[in-house]
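Keep the structure in view as you read.

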Amino acid sequence: MTARLSAAPPPSVRVRAPGKVNLALRVGPVGSDGYHPLATIFQAVSLFEEVTATQSAPGSGISLTVSGPQADAVPTDETNLAWRAAALLAERTGLPADVGLHITKGVPVAGGMAGGSADAAAALLACDTLWDAGLPRQELVELAAELGADVPFSLLGHTAVGTGRGDLLTPAMTRGEFHWCFGTQREGLSTPSVFRRFDELAGPSTPHVAPAADDTELMHALRAGDAVALGKALHNDLTAPALDLRPELAAVLEVATESGALGVVVSGSGPTVAALGRSRQHALALGAAWTAADVVDAVWCATGPAPGTQLVTSVSR
Ligand code: C5P
């Protein structure tokens, strides 16, 4: 009887959180805090990170393992955003930070699709549930913003306008599904270095950031479920610095355009390139064109919008 009880699995919680693409990303001049003001439109896509939080013995602290594509490129120490999320939640709630975290990667690593931010969002919700902390959603959002500019959006999901550092969010109305194909590179780009190159290229007199007329068209396209209009309105101010740091990306944009993509855009700070297809089949064909041209290391097809951070399973003792 005792043996049976001790064999019961420890309580654990599994949560999934989506990656994202920026449909529009407009960047203003760097502020004194080292961040750039943004006017952006995020869309969550159906590539998900999964975080399982398992109760560990009192005093054991935080531990972390990672599996899935490119897992070996992900740190498993306190620099990992999921680890930092668990530590921050414990600090703010006064609860002991005893948890085993496991991340199953489903979003490209260091690709401008906020996979690390999704891990942080998932870890916050997983630990909040495991530890029965019961933080109100708004407090989780505030902790999320402390962890990184893209973390609040991963909690919210769907499609949203982001201002400030990209962390002040307003949900956007959309209709239907959009079909994406993402072309990724084995070697990622560091977000701070892309922003730094943006500053160098823009010079000192960048105008203050504001959404452009094109973004109104983009919002209309989303509301109408008009993929052709959405494709035309995609825009990213970080394209120039990303291309400057990684000139090979020009060929990725070109191949997708030549293959009839409705629109092509660098995702966030890159180097992932997002191509919008007419249908699921067309998105797959865009991926096949990239593979045939040998301009990407991997292709990932997905749809958007996808839901935000969600509880998948919760096992209690
Ligand atoms: O907030 P997060 O950790 O995702 O940002 C990583 C880095 O990207 C920041 O330290 C900053 O250098 C740059 N960044 C920025 N402006 C933003 C978001 C990020 O300059 N709005």
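This is a predicted model: local features need pLDDT of at least 70, side-chain atom pairs count only at pLDDT 80 or more; totals for chains, interfaces and linings use all residues.

In the side chain of His36, an N or O atom is 2.6 Å from an oxygen atom of the ligand. At Ala149 the backbone takes part: one of its polar atoms lies 2.8 Å from a ligand oxygen atom. On its own, the ligand has 460 Å² of accessible area, and the protein covers 75% of it.

Now look at the whole shell. Around the ligand stand Gly34, Tyr35, His36 and Leu38. Gly148, Ala149 and Arg165 also belong to the surroundings, as do Thr191, Pro192 and Phe195. By class, the shell holds five nonpolar residues, four polar ones and one charged residue.

Which helix gives the most to this shell? The answer is helix H6, which runs over residues 191-202 and supplies three residues. As for the site itself, the ligand sits in the largest pocket.

Step back to the chain. Its secondary structure consists of eleven helices and twelve strands. Along the principal axes, the C-alpha trace spans about 65 × 45 × 35 Å. Why does the radius of gyration agree with a compact globule? The chain has 317 residues, and a compact globule of that length would have a radius of gyration near 20 Å; the chain has 20 Å, so the two agree.

Some details of the backbone deserve a look. Start with the prolines. The peptide bond from Gly270 to Pro271 is cis, and its omega is near 5 degrees. Pro271 is found in the loop that joins strand S9 (263-266) to strand S10 (273-277). Another cis peptide bond runs from Gly304 to Pro305, with omega near 0 degrees. Here the loop lies between strand S11 (298-304) and strand S12 (310-315), and Pro305 is part of it.

Finish at Ala110. Is its phi positive or negative? Phi is positive, near 50 degrees, in a residue other than glycine. Where does Ala110 lie? Look in the loop between strand S4 (99-104) and helix H3 (115-130).

Technical notes:
Residues are numbered from 1 along each chain as its sequence is written. Side-chain values use heavy atoms; hydrogens and water are left out. A residue is near a molecule or strand if one of its heavy atoms lies within 4 Å of it. A polar contact is a pair of N or O atoms within 3.5 Å; within protein, one must be able to donate a hydrogen and the other to accept it, and residues adjacent in sequence count only if both atoms are side-chain atoms. Accessible areas come from the Shrake-Rupley method with a 1.4 Å probe; for residues, only the protein chains shown count as cover. On a 1 Å grid over the protein atoms alone, a cavity is a set of points where a 1.4 Å probe fits but cannot get out, and a pocket is an open set with protein on both sides within 12 Å along at least five of seven lines; lining residues have an atom within 4 Å of a point. A molecule sits in a cavity or pocket if more than half of its atoms lie within 2 Å of its grid points. Helices (H or I, at least four residues) and strands (E, at least two) are DSSP runs, numbered from the N terminus. Ala, Val, Leu, Ile, Met, Phe, Trp, Tyr, Cys and Pro count as nonpolar, Asp, Glu, Lys and Arg as charged, and the others, Gly among them, as polar. The radius of gyration is taken over C-alpha atoms; the globule rule is 2.2 Å times the number of residues to the power 0.38.
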